Amino acid sequence: MNLLTEPWLPFRHRDGRIEYRPPSALADPEVLDLALPRADFQGAAWQFLIALLQTAMTPEDTDAWLDRYQIPPSVAALDEALAPFAAAFVLDGDGPRFMQDLDPLEDVKEAPIAGLLIDSPGANGIKNNTDFFVKRGRVETVCPECAALALFTMQINAPAGGAGIRVGLRGGGPLTTLILPEDESKPLWHRLWPNVMPADAVGQPGQTWRPPKADDGKLFFWMTETRISDKKGTEVLPEQVHPLHAFWSMPRRYRLLFDETPGCCDLCGRETSHPVRRLRAKKQGANYDGPWRHPLTPYRRLNPKKLDELPLSSKGQPGGLGYRHWPGLVLEDEAVSGALPARVVTHHLHKYRMVQAARDDGETFEALFRRARLWVFGYDMDNMKPRGWYSVEMPLVGVPEAHQEILRDWVKRFVDLASEFTWTLRNQLKRAWFKRPEDAKGDMSQVDAQFFEATQLAFFKALRMMGETLRDETATPTLSPGIHRQWYLALKHEALSLFDAQAISGPLEGMKMQQLERITSARRYLQAYLNGSGKKIGKTVQTFAQVGSFELSSPTTQRDEESAA
């Protein structure tokens, strides 16, 4: 089975039809998306197609990228571009196999194919009978198509697995950020190409660009003798490999075992004549080390003052992803907060200047460069145990480089106010709920998550207006008092609503007087805080209003505005 020529990927077409076709179908204007049976497969399949485009059609520079964006290839032209790499994408057979060990690994025991799925219980979980929620035996038979995607998903996300079991190039369970056009009716090509980088930007320091080839063992590790990391000095550093290797990293050693007994795939439900039920796995695959910066993943420096320390990839965390993470995913701030957005995001924002120059020369560019979205997804891992999968979309606001710092300050001001409101809301809820709130233990993060989710649309609306304000490079940018005030009122409205829903949503009958007093006292404090009343309690709101140049209105007017918010 060859992953470049076989019809193995399910594509969703404009008429709703789902059809299995080769990867080159991405150039068909009638194809809108992929339709994989699992969320992690969907994210991995997008990265697989981006990696293919990046390998077979890397534009020389940003000008060439813009030209290709304007004139997509035909399906036949893409087939022709992919053909030279066919030898590196064979899934079975006696020669090199896609992302598998060149050694048949006949000296190790066979294991169930379910071991390729990140959310399957591990060997210890099965041995200790701790697979309470994610049970063993869910997946025993897998078709070759799903096996290929499970293999790719594991290699690009490989979590910690114990001694000698290597993690992925960008750490276990990394976040991925992709750029999407605002218009969801755009063909898949126009949704993938914004994530392809030109040759003069895709590499890291120390790497030298050269045209990719199928037999390049520094690009596709599985095409040559297996890299083993059984001793010091065998670490894989960025400068030792091809600039595109990050898209095809291979930290784990696997060998798929194809079965001659037909069966039904437990993942996609399709019948298959050569399923995969077992595999062989061995420790000490490629051990990635050094300052890796995968083009599609955001990173951060724990201590921005220590530039000699390696940046860490951003990962999913309990509480989910929301607008409070937006600055770190989009705005580079290595010196202060340590934020290092994905290189594909940073480079895309730099394209705005070139697009504007092209527009000045009379060329027409579509709305991608006016309005784009950021798709953020990835596992939330606790070492080798997945706690969840996150997938969210956010606006991607691009402004002239001269105004990046201003946008960062504005966004920080708005997010900081939301964080302050959340902290106060959480504390007042504890006062309402408990007689001794300082002794109350437990996870209150659901309050934060609800508040940030409830105010997300208001933030993104404010973010759009910030972008529009900063779009004009020559003007002196000022964020209007009205935008500040709308944000303040939205936060205030949701904070009070959440407090009322959480603290006094139950029947008051039978409630003890002491409990009622606690609730009313906590609400009175919260309202004073939100109104900016009092020199000490209201300082946060007063400062925000002063910086935003708007007046905190009278209680009567505020009540009207809260109702309208």
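At what angle do helix H13 and helix H15 pack, and how far apart are their axes? Select residues 481-503 for H13 and 539-548 for H15. The angle is about 155°, and the axes lie 9 Å apart. H13 and H15 are therefore roughly antiparallel to each other (angles over 145 degrees count as such). Axes here are lines fitted to C-alpha atoms over the stretch in contact, and angles run from 0 to 180 degrees between N-to-C directions. Helices (H or I, at least four residues) and strands (E, at least two) are DSSP runs, numbered from the N terminus.

A word on ground rules. This is a predicted model: local features need pLDDT of at least 70, side-chain atom pairs count only at pLDDT 80 or more, and totals for chains, interfaces and linings use all residues. Residues are numbered from 1 along each chain as its sequence is written, and side-chain values use heavy atoms, without hydrogens and water.

Next, show the side chains between the helices. Pro481, His484, Trp487 and Tyr488 of H13 meet Val541, Phe544 and Gly548 of H15 (contact means heavy atoms within 4.5 Å). Five of these residues are nonpolar, two are polar and none is charged.

Now step to Ser549. This residue sits in the loop between H15 and helix H16 (555-564). Its phi is positive, near 60°, though Ser549 is not a glycine. Ser549 is exposed, at 54% relative accessible area (exposed means over 50%, buried under 20%, partly exposed in between, with a 1.4 Å probe and protein chains only).

Last stop: Gln284, in the loop between strand E9 (276-282) and strand E10 (299-300). Gln284 also has a positive phi, about 65°. Its relative accessibility is 31%, so Gln284 counts as partly exposed.

Technical notes: Parallel < 35°, antiparallel > 145°, perpendicular 65-115°, else oblique. Nonpolar A, V, L, I, M, F, W, Y, C, P; charged D, E, K, R; others polar.
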